[in-house]
Amino acid sequence: MRTLLITGPGGSGRTTVAAATALAAARAGARVLLLGTDRTDTLGAVLGTPVGTEPGEVAEGLTARRVDAGEDFRADLAALQDRAASALDLLGASRLDPEGFGPLPGAEELSVLRALRDAALSPAYDLLVVDLPPAERALTLFTLPEDLRRALRGLLPPERQAARALRPVLGRLAGVPMPAEWLYGTAVRWDTELAAVEAVLADRHTTVRLVAEPGPAGAAAVRTAGLGLALRGLRTDVLIAGRVLPEGVEDSWLAGPVAQQRKTLDEWRQTYDVRPVAHLGRDPRGPDDLTALAVPGVPAAPDASASAASAASRGRTGPAPAEWPVTDRLADDGVLVWHIPLPGARREELDLIRHGDEIAVTAGPFRRTVPLPSALRRCTVDGAALREDELRIRFRPDPRLWPRTP
């Protein structure tokens, strides 16, 4: 199934574009699930039909639902207490009433990730369109699976889990299950769930569609969002420029805003596949208005190599390619070069720190720690440069670890 994640700066009209995109795909014959992540029913307001927390058909071929973080948190709390019942009894702890609690910080993000995973794995749909939170929160959401898995591995390393085989024996001798047993079991379940979310985000059928209003604020937001997406290795398909004003208004007060929009659009086209969506003169409401927006359709899932070749032929580097290739320049310069696409990055905002077989890359407000490709683990960092929206890190083979040649 194709997964389309839609986000943009707050107030950019991302919910409207998500609804219009899903409706257009459904009318083209696809079975579409539209997933909303806002706490309130913003999707229902745009569609003209209420959207609940259970899947419901809002148009022919289009099913919609909202994430209910509160209900998910209460279910998780009840399940956790059931699994830890023996340990809680051993400690004399009372069970908590899930109905008396609202979601804790972070529960909403985990609910969105779980809903994304479940929806993307459903065989009932051809296309999943997700109305994500504003770009700043969406980028934080994208970092959670990888960062939480790294934290789990640090707190409960896999090698320590080998001792789990002894715990049932100790539990029988003590008469109760050992608390560490369900602790490790919970960690394994979380790691499996987070790995499934990572797989959805990394899938070549998953792309991100940015929505922004052309102008200085929108340009700054798109630069930041594009940088964050590229660092996470996420692909974008198009940039929707929303609320674009009509041309030919040189004699009116709109001349200034139109010129400003035109300048931003020209800058965006150097990096992105930009699709302007006209300003309707009102807030879109209902299927007729959504159809009038004429948002771009959702093409068949692209082949990664074909997408890269197409982007190169258009002269754009862009954040679309998710690959971070290593080129062999040993014969010429004695180094291997790791290429990391970072559109919009600035030299003064970049930082690199190597930790063993991992490297931490900081780009603007974003930071990601990634494992080194196997060939680079036997090398030392020889330098780095930012060229053509690409961070190029040079690695020189370590004589102590590199295979000797005659």
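**Helix packing and the cavity**

Tutor: H5 and H6 are roughly perpendicular to each other, because their axes cross at roughly 80° and angles of 65 to 115 degrees are counted in that class. The model is a predicted one, and in it the axes of H5 and H6 come within 10 Å. On the H5 side the contact is made by Glu108, Glu109, Leu110, Val112 and Leu113, and on the H6 side by Arg137, Leu141, Leu144, Pro145 and Leu148. Sorted by class, this contact of H5 with H6 holds seven nonpolar and three charged residues, with no polar residue among them.

The structure holds one cavity of 30 Å³ or more, and about 50 Å³ of space lies in the largest cavity. The lining of the largest cavity consists of Thr37, Glu108, Glu109, Val112, Pro133, Arg137 and Leu141. Helix H5, which covers 107-120, and helix H6, which covers 135-155, each supply at least two residues of that lining, and H5 gives the most, with three residues. By class, the lining of the largest cavity divides into three nonpolar, one polar and three charged residues. Glu108, Glu109 and Val112 of H5, together with Arg137 and Leu141 of H6, are named in the helix contact and again in the cavity lining.

From H6 the account can be carried on to H9. The axes of H6 and H9 come within 10 Å and cross at roughly 10°, so the two helices are roughly parallel to each other. Ala135, Leu139 and Phe142 of H6 make this contact with Thr224, Ala225, Gly228 and Leu229 of H9. The classes here are five nonpolar and two polar residues, and no charged residue is present in the contact of H6 with H9.

H9, spanning residues 216-231, also packs with H10, which spans residues 255-268, at an angle of about 20° and with the axes 9 Å apart. That angle makes H9 roughly parallel to H10, since angles under 35 degrees count as such, and the crossing of H9 and H10 is right-handed. In H9 the residues Pro216, Gly218, Ala219 and Val222 meet Gln260, Thr264 and Trp268 in H10. The contact of H9 with H10 has four nonpolar and three polar residues, and no charged ones.

Methods
Residues numbered from 1 in each chain as written. Predicted model: local features only at pLDDT ≥ 70, side-chain atom pairs only at ≥ 80, totals over all residues. Heavy atoms only, no water. 1 Å grid on protein atoms, 1.4 Å probe; cavity = no way out; pocket = protein on both sides within 12 Å on 5 of 7 lines; lining within 4 Å. Points joined across faces, edges and corners; volume = space filled by probe spheres on them. Helix = DSSP H or I, 4+ residues; strand = E, 2+ residues; numbered from the N terminus. Nonpolar A, V, L, I, M, F, W, Y, C, P; charged D, E, K, R; others polar. Axes fitted to C-alpha atoms, helices over the stretch in contact; angles between N-to-C directions. Parallel < 35°, antiparallel > 145°, perpendicular 65-115°, else oblique. Left-handed = near helix turned anticlockwise from the far one by under 90°. Contact = heavy atoms within 4.5 Å.
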